[in-house]
Amino acid sequence: MTDDTHNHEILHSMRLAPDVQVILLRMLSSTEELTGSTLNIIKKTSRHHGNVKLQRFKRKWRKRGLNEDQINELINERNASHVTEDTTNLITDNENNHNKKVSKINTSITSNKRKRFNVSNRNRRDMMKSLSQITISRPSKKKRKDGDKFTNNNDQRLTLLDRLFSLTQDMKLYESYLNEARQYRIWPEDIIDVVPINEHESIEKWFQTKLVVLQQNLNQCSTELLSQSLSCPKSFSIQYVDNRLQEFVHDVREKQLHTNLYSYSLIDDHKQFIQSLINLRRKQLQVLEEMTMFEVRILCKHLPKSINQLNKMIPLDNNITTHDVSIQNRTLSQQELSKKYRKEIQNLKRSILHETLKKYENMIEEDEHLYQKELFLFEHQLSQHTNDVNNLIICLNTYLNHYTNKMIQQIRYRETIFRMKLYHPRHHRKSASTSSNQNISVHPEIILDIPENIFTDEELTLLSSAGGPSYIRYNQSYLYRRKKNQIYTEKELEGIINNVVSDLRDRYHIPTKALEIQNFTKQLKSLFNERYEDSLSYRDKYRIRREIKLIHSIRRKLHQRNHIIRVTDKSGVFHVGSMLDYERKVEEYQLKTNAYIELSSNPLMETYDKVLRLLNDLRVKKQITQWQYSQMLPDKNKIKLAYLYFIPKPHKEGTPLRPIISGIYAPTAKISKMLDKLIRPLFDEYAQPTIIIDGVHLIHRLHKYVSLGLLKPTTLLCTFDITDLYTMLPQEEAIAILKQFLLEFGHRHVKNMSIDAIQSLARIVLSENVFTYNNKYFRQIKGGAMGSPFTLTLANIFMWYWEKKLVNKQKESNELYGRYIDDIFLTTNDSIEQVQQMLNEADNYHPDIKLIYEISNSVSFLDLQIENVNGQLQTSVHHKHSAEPYLLPFKSDHPHHLFGNNITTALLRTIRYCSTLEAFNREQRYIKTMLLYAGYPISKTKAVATTNYTST
């Protein structure tokens with residue numbers, strides 16, 4: 001049996017599509033040519049109901065105007081002539097078997113049953129055709145199908161893929177030459193021999209021209225592949241064919257590289273060196289595969305048992321309360337202890353994950369170091385035995401790179417299989433499912449500040465890392481009614497068209513009623529309707545219904561048990577607490593600050609009348625302009641009373657609450673925006689020397705401080721913040737300081753608005769801060785509303801006045817001072833006692849302003865960690881102890897570019913903040929685990945791992 005026949009039988013037994021069989025047979029053929037037997041692969045024709053050619057014949061003559069009787073006469077005439085011709089030919093060709101043929105003819109003519117012949121009988125002329133197989137017209141040459149056409153062009157596609165591969169390799173080679181030459185200003189001797197001019201600039205231009213030509217050839221090759229893919233039949237995917245062809249090309253390429261490598265005159269020592277390099281690379285890739293599988297476990301929430309069951313090894317100690325404590329306080333203490341215990345176990349598990357990833361990275365780095373060392377020794381030994389060292393090393397590197405890429409592709413394939421096994425295990429053990437609630441996950445979790453868990457596993461997953469505050473349900477409009485969907489579609493379409501039309505009119509001066517714009521509008525509208533009316537897959541529909549059911553179930557449980565869900569202050573995750581606990585903490589906050597008083601009636605219209613009278617009075621006195629009056633005037637039909645809500649701060653003991661007043665449609669909201677718009681630019685300009693914008697700005701100031709030689713081994717770093725600045729802000733004193741600030745910098749008017757008008761407007765913003773909470777009405781009598789734009793600017797100006805003494809002291813001693821709202825950073829070369837005394841004096845500057853400070857050689861400020869290591873400044877990214885590694889979930893229905901932006905932003909911050917390689921690698925691991933927690937695929941995390949610290 002020949003190889004081709006054997007291949008035929010194998011492919012036929014696989015029951016693949018006929019077109020796929022042809023292509024696979026083409027790849028398996030030893031001669032790499034399509035033989036005649038290849039084209040005779042069995043094809044399963046589709047069955048039709050009735051005689052298709054007869055129906056086609058009738059349709060043709062109906063179009064020409066014939067009736068049914070005339071068409072039937074034509075059919076009878078054609079059938080009679082064809083039967084006579086076929087019968088005569090059969091008799092004359094087979095005289096020796098006349099009796100046998102006559103019986104077959106009689107049988108075929110008298111039988112009305114439609115015969116279906118096997119493939120082996122189709123070409124036999126001694127068989128009588130049935131009536132349904134007799135052609136209506138003269139037999140014509142059968143047209144070639146698209147599949148056969150694509151099959152015949154298979155060798156051409158293989159050639160294109162091979163050419164694409166070669167061009168890509170040439171591009172990489174020339175780019176590497178160009179990058180090395182730009183960095184070291186040295187060209188290889190082989191390049192100098194090829195290029196006619198020896199000047200550096202001329203060679204660089206020659207390389208650039210060469211790269212342009214290669215890129216054009218690449219584009220042309222890609223275009224040909226794309227155009228050829230259009231002829232691919234729909235029975236199988238073009239991607240499947242390309243993958244198989246590319247595998248074939250890579251295998252051939254590997255054999256060619258291996259042959260070229262060993263074509264050089266190598267001694268046994270050289271071959272041992274090459275084998276040693278291959279073994280080192282294989283060992284390194286094995287470690288990479290282990291690390292990849294470990295990352296898959298993190299992604300799929302299937303950690304090893306040694307990590308996953310760590311909480312069972314460290315049990316919770318409940319013996320913390322005494323008999324003197326009340327039952328309520330005892331329950332609260334147990335809840336606090338349970339939260340601390342879960343947090344400690346979670347941090348311990350995360351630290352183990354980081355150490356494990358660090359171990360794998362160190363092993364890969366060590367293997368790379370040994371590989372480079374072995375390669376250097378091999379080059380040195382080659383230089384003593386042969387002159388053609390460069391070509392041999394290039395050939396070796398090409399072969400090893402090709403081998404490495406092939407192994408990485410295999411790792412990716414095994415990683416996919418392993419991930420599918422973890423997501424869809426064959427056997428579901430009851431013990432694993434029942435113990436899932438007891439295990440403490442390393443993924444960000446919702447904080448449950450309630451006596452018992454009321455949610456199912458699916459609901460907890462949706463509220464935690466797989467969902468969370470930033471999550472958007474998939475295709476929310478699917479559950480809308482058709483009319484509502486149509487309204488949303490028309491609004492979105494109208495907005496896009498208006499933006500595009502206005503942009504074309506402003507940039508290219510195209511009229512609004514131009515024919516091109518009308519055609520564009522019609523095409524866009526049809527595209528929108530087509531996209532919105534597309535049917536979803538069953539999987540997507542199931543996901544949408546499941547998520548909306550979970551959300552309704554969560555809302556129902558929260559309502560039935562009188563619980564509240566809020567986003568935490570700094571952790572970035574959800575927090576669930578009881579209504580009674582919230583009310584108790586609100587009362588404690590009110591007693592502590594005395595910032596609110598209760599009103600007897602709804603103050604909305606009264607506040608509106610006060611605002612209206614003030615604006616009219618200022619406009620009559622011409623203290624404000626007409627455009628300012630128009631922008632500050634509230635709309636009576638849209639005004640609403642502000643409302644107060646609290647967000648929990650679980651990073652502090654007892655989980656205190658932070659008050660937030662939402663007054664977007666409050667009567668004073670437009671006045672607050674106007675004052676902020678006028679005064680904030682002035683503050684940013686005049687307070688620039690003492691203001692810190694962000695972490696990068698502070699790093700620049702620290703580098704300037706170090707460049708002046710002021711950082712010493714004894715230099716101390718200090719940070720402190722103001723407690724409840726917004727709430728404790730004295731109103732009348734703050735307004736007076738605002739006037740002093742404007743007069744000190746020579747501003748009696750700000751954009752034609754007088755200082756008196758600014759004071760009057762600021763006073764009504766602070767004094768008429770009325771809101772509703774828990775169906776009651778309140779007025780804030782101390783401080784400003786957290787959430788109001790003007791409150792932030794007024795607090796900054798108040799702190800500008802408060803910090804004057806500290807700023808002057810720091811200037812006298814040439815020390816650094818900076819403030820970000822209520823967080824302050826400074827340096828000092830005094831003793832700790834002197835610094836404490838200075839801060840205690842600052843704590844007594846104002847009775848309502850209290851400080852909490854930290855003095856050390858290593859402090860954190862905002863998201864920046866600052867260290868003084870024996871007079872050397874080191875910076876890195878700081879993550880607060882309370883902050884959870886929560887990121888936008890990858891399954892959220894956000895625009896796709898946002899996921900890449902999150903990774904880019906995190907990497908840019910890492911590059912800018914980290915001053916050492918160790919800190920950079922540590923933050924890289926943190927970003928990688930954060931992406932895995934959020935469900936990002938392994939390919940996204942590899943992009944983080946390949947970011948080079950030295951190149952940045």
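This is a predicted model: local features need pLDDT of at least 70, side-chain atom pairs count only at pLDDT 80 or more; totals for chains, interfaces and linings use all residues.
1. Now the pair itself. Helix α32 covers residues 896–913 and helix α33 covers residues 917–933, and the two pack at an angle of about 165 degrees. Their axes lie 10 Å apart. Since anything over 145 degrees qualifies, α32 and α33 are therefore roughly antiparallel to each other. The crossing of α32 past α33 is right-handed. If you want to find the contact on screen, look on the α32 side for I903, A906, L907, R909, T910 and I911, which meet F920, E923, I927 and L931 of α33.

2. Stepping back for the overview: the protein has 952 residues, and 39% of them are buried. Its secondary structure comes to 34 helices and 17 strands. Take the contacts between residues at least 6 apart in sequence, and 73% of those join residues at least 24 apart.

3. As for handedness, α11 passes α15 in a right-handed crossing.

4. A third pair is worth a visit. Helix α24 (residues 669–686) and helix α27 (residues 731–744) cross at roughly 65 degrees, and their axes come within 11 Å. Here the crossing is left-handed. On the α24 side you'll find I679, L682, F683 and Y686, and these meet L738, F741 and L742 in α27.

5. On to the inside of the protein. The largest nonpolar core has 63 residues. Which of them touch the most other members? The answer is I671, L675, F720, M753, L761 and W802. Zoom in on I671: leaving out residues up to four places away in sequence, I671 touches V611, L615, M632, L761, I764 and V765. There is also a second, separate core of 42 residues, with L285, C300, L422 and L932 among its members.

6. Is F378 buried or exposed? Its relative accessible area is 1%, so F378 is buried. Not counting residues up to four places away in sequence, F378 touches H270, F273, I274, L277, I393 and L396. Take I274 from that list: F378 and I274 are 104 residues apart in sequence, yet their C-alpha atoms are 8.2 Å apart in space.

7. At 14% relative accessibility, K557 counts as buried, because the cut-off for buried is under 20%. Which residues does K557 contact, apart from its neighbours within four places in sequence? They are I454, F455, T456 and E459.

8. Last, two backbone spots to check. K301 is not a glycine, but it has a positive phi of about 60 degrees. You'll find K301 in the loop between α11 and α12 (305–308), and with 41% relative accessibility K301 counts as partly exposed. N594 is not a glycine either, and its phi is positive too, at about 55 degrees. N594 lies in the loop between α21 (579–593) and β4 (596–599). At 47% relative accessibility, N594 counts as partly exposed.

Note on methods: Residues are numbered from 1 along each chain as its sequence is written. Side-chain values use heavy atoms; hydrogens and water are left out. A nonpolar core is a set of buried Ala, Val, Leu, Ile, Met, Phe, Trp, Tyr and Cys residues joined through side-chain atoms within 4.5 Å. Buried means under 20% relative accessible area, exposed over 50%, partly exposed in between (1.4 Å probe, protein chains only). Contact means heavy atoms within 4.5 Å. A crossing is left-handed if the near helix is turned anticlockwise from the far one by less than a right angle, and right-handed if clockwise. Helices (H or I, at least four residues) and strands (E, at least two) are DSSP runs, numbered from the N terminus. Axes are lines fitted to C-alpha atoms, for helices over the stretch in contact, and angles run from 0 to 180 degrees between N-to-C directions. Angles under 35 degrees count as roughly parallel, over 145 as roughly antiparallel, 65 to 115 as roughly perpendicular and the rest as oblique.
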